[in-house]
Amino acid sequence: DLSAPGASEQLEPLWVKEAAHEDRIVCCQWLGEDCFATGSEDGFVRKWSTKTRDCVFELSVHEDGVFCLCFAADNRHVLSSGHFDP
């Protein structure tokens with residue numbers, strides 16, 4: 001609960017790998033306690049482990065960038081949007 005007294009003092013910044021994507025990250029989603037996903041202008045959706053700090057899955061989905069993403073509750077299916085890909 002971020003509104004609880006002292007909550008902001010308990011937060012730690014999430015690491016960002018310098019080479020996480022070849023281009024700017026424009027969207028992200030928490031997928032569970034140990035996992036989150038990022039979408040980038042490089043056209044990739046990547047899933048990351050917060051424990052190992054490694055990419056555990058990647059998928060090239062759009063030639064000209066991913067601008068939003070949403071994983072299903074099972075974390076196996078992703079809906080994404082990007083520029084028109086011919």
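Modeller: Arg53 lies in the loop between strand S3 (44-49) and strand S4 (55-60). Helices (H or I, at least four residues) and strands (E, at least two) are DSSP runs, numbered from the N terminus. Residues are numbered from 1 along each chain as its sequence is written, and side-chain values use heavy atoms, with hydrogens and water left out. The model is predicted: local features need pLDDT of at least 70 and side-chain atom pairs count only at pLDDT 80 or more, while totals for chains, interfaces and linings use all residues.

Biologist: What is the phi of Arg53?

Modeller: Phi of Arg53 is near 60°, a positive value in a residue other than glycine. Asn75, also not a glycine, has a positive phi of about 60°.

Biologist: Where does Asn75 lie?

Modeller: Asn75 is in the loop between S5 and S6. These two strands form a hairpin with six residues between them.

Biologist: How do S5 and S6 pair?

Modeller: Two strands pair if DSSP finds at least two bridges between them. Here S5 and strand S6 (residues 78-82) have five bridges, in the antiparallel sense. In one of these bridges, Phe71 is partnered by Val78 in S6.

Biologist: How is accessibility read for Arg53 and Asn75?

Modeller: Buried means under 20% relative accessible area, exposed over 50%, and partly exposed in between (1.4 Å probe, protein chains only). Arg53 is partly exposed because its relative accessibility is 45%. Asn75, at 23%, is partly exposed as well.

Biologist: Which residues make up the largest nonpolar core?

Modeller: A nonpolar core is a set of buried Ala, Val, Leu, Ile, Met, Phe, Trp, Tyr and Cys residues joined through side-chain atoms within 4.5 Å. The largest one has eight residues: Cys27, Leu31, Cys35, Ala37, Val45, Val66, Leu69 and Phe71. Strand S1 (25-32), S2 and strand S5 (66-71) each give two or more residues to this core, and S5 has the largest share, three residues.

Biologist: What is Leu31 in contact with, neighbours within four places in sequence aside?

Modeller: Contact means heavy atoms within 4.5 Å. On that reading, Leu31 is in contact with Phe36, Ala37, Lys47, Phe71 and Asn75.

Biologist: Which polar contacts does the side chain of Thr38 make?

Modeller: A polar contact is a pair of N or O atoms within 3.5 Å; within protein, one must be able to donate a hydrogen and the other to accept it, and residues adjacent in sequence count only if both atoms are side-chain atoms. The Thr38 side chain contacts that of His21 at 2.7 Å and that of Trp48 at 2.9 Å. Thr38 is in strand S2 (residues 35-40) and is buried, with a relative accessible area of 5%. Gln29, in strand S1, has a side-chain polar atom 2.7 Å from the backbone nitrogen of Phe71.

Biologist: How many aromatic pairs does a search of the whole structure find?

Modeller: Rings of Phe, Tyr and Trp (its six-membered ring) pair if their centres lie within 6.5 Å; planes under 30 degrees apart count as stacked, over 60 as edge-to-face and the rest as tilted. The search finds one pair. Trp30 and Phe36 form it, edge-to-face, at 5.7 Å centre to centre and 65° between the planes. Trp30 is exposed, at 53% relative accessible area, whereas Phe36 is buried, at 8%.
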